[in-house]
Amino acid sequence: MSLSGLDNLDAQPDADRSVRAYRRLAKGYDRTCTWIEALRHVAVEGLQLQPGETVLDVACGTGPTLPLLARKVGIQGRVIGIEHSPEMAQLARQRMASDGGNVSIVVAGMADPRHVYAADAVLMCYTQDVLQSSAALDQLIKACKPGARIAILGMITLPWLWGWPVNLFNMYRARHYMTTFRNLDRPYRLLEQRGARISVVDTALWGSAYIAVGTLPAA
Ligand SMILES: C[S@@+](CC[C@H](N)C(=O)[O-])C[C@H]1O[C@@H](n2cnc3c(N)ncnc32)[C@H](O)[C@@H]1O
């Protein structure tokens with residue numbers, strides 16, 4: 001694992017490196033992200049979920065947003081967490097072990113062609129690598145109903161002219177949690193290029209986190 005994060009300057013996300021990194025990060029992961037708890041709630045609200053709907057939690061990690069989603073769609077609905085790290089997915093399963101049964105966790109990369117769910121909505125919290133993977137985004141669009149709703153929470157860079165110290169600090173801190181720094185100025189750019197409509201509705205942490213909502217392409 002690179003100490004400096006220089007590997008992340010490579011353009012493409014590296015799924016194998018990510019799986020290896022989260023093998024090590026999984027155990028302490030929840031302690032590192034308590035500070036974004038309130039933002040998770042805002043992102044979930046942005047999905048405007050209805051009882052009975054199917055929602056994907058893409059790259060769900062240890063599953064901190066799964067209970068929020070499960071409550072919104074109710075027992076008639078379905079929550080599907082997709083996660084490529086077996087260690088992260090195992091912790092998500094433990095978290096949901098006593099929960100109502102409308103949550104399933106699929107251990108696979110988002111680019112896996114077996115993902116087909118006709119989902120109504122998609123949540124992506126701190127999923128930079130997935131957002132930068134063309135194969136994963138193409139599969140995500142196929143896995144959902146046309147025009148499915150999407151909410152994204154994640155890291156974004158400030159304008160480099162004055163924001164560079166904050167950007168460098170955040171990128172250094174995040175270097176093990178993502179394998180590419182591509183498009184950090186507009187992390188949802190590849191989704192927009194596929195016809196998704198995305199609007200940033202909120203920022204936090206002095207502008208270095210964003211919440212965006214929108215819809216996937218209509219067909
Ligand atoms: C920063 S964590 C975020 C976890 C969770 N969404 C949260 O909000 O805490 C990023 C997660 O993305 C997963 N991941 C990265 N690339 C992936 C891919 N192509 N398919 C599925 N999961 C992926 C990692 O294993 C890791 O669990």
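Helix α1 (15-25), strand β2 (78-83) and helix α6 (128-131) each supply at least two residues of the shell around the ligand. Helices are DSSP runs of H or I with at least four residues, strands are E runs of at least two, and both are numbered from the N terminus. The model is predicted: local features need pLDDT of at least 70, side-chain atom pairs count only at pLDDT 80 or more, and totals for chains, interfaces and linings use all residues. Residue numbers start from 1 along each chain as its sequence is written.

**Ligand shell**
- A59, G61, H84, S85 and C125 come nearest among the 24 residues around the ligand (near: C-beta atom, placed from the backbone, within 6 Å).
- α1 gives the most to the shell, with three residues.
- The shell divides into 14 nonpolar, eight polar and two charged residues (nonpolar: Ala, Val, Leu, Ile, Met, Phe, Trp, Tyr, Cys and Pro; charged: Asp, Glu, Lys and Arg; polar: the others, Gly among them).

**Sheet**
- Seven strands form an open, mixed sheet in the order β3-β2-β1-β4-β5-β7-β6 (strands pair if DSSP finds at least two bridges between them).
- β3 (103-107) and β6 (197-204) are the edge strands, each pairing on one side only.
- β1 (residues 54-58) runs parallel to β2, joined by five bridges.
- V58 stands opposite I82 in β2.

**P13**
- P13 lies in the segment before α1.
- P13 is buried, because 22 other C-beta atoms lie within 10 Å (buried: 20 or more; exposed: 12 or fewer; partly exposed: in between; C-beta atoms placed from the backbone).
- The C-alpha atoms of P13 and T180 are separated by 5.2 Å, though the residues are 167 apart along the chain.
- P13 touches D129, Q132, S133, T179 and T180, not counting residues up to four places away in sequence (contact: C-beta atoms, placed from the backbone, within 7 Å).

Key: Two residues are in contact if their C-beta atoms, placed from the backbone, lie within 7 Å.
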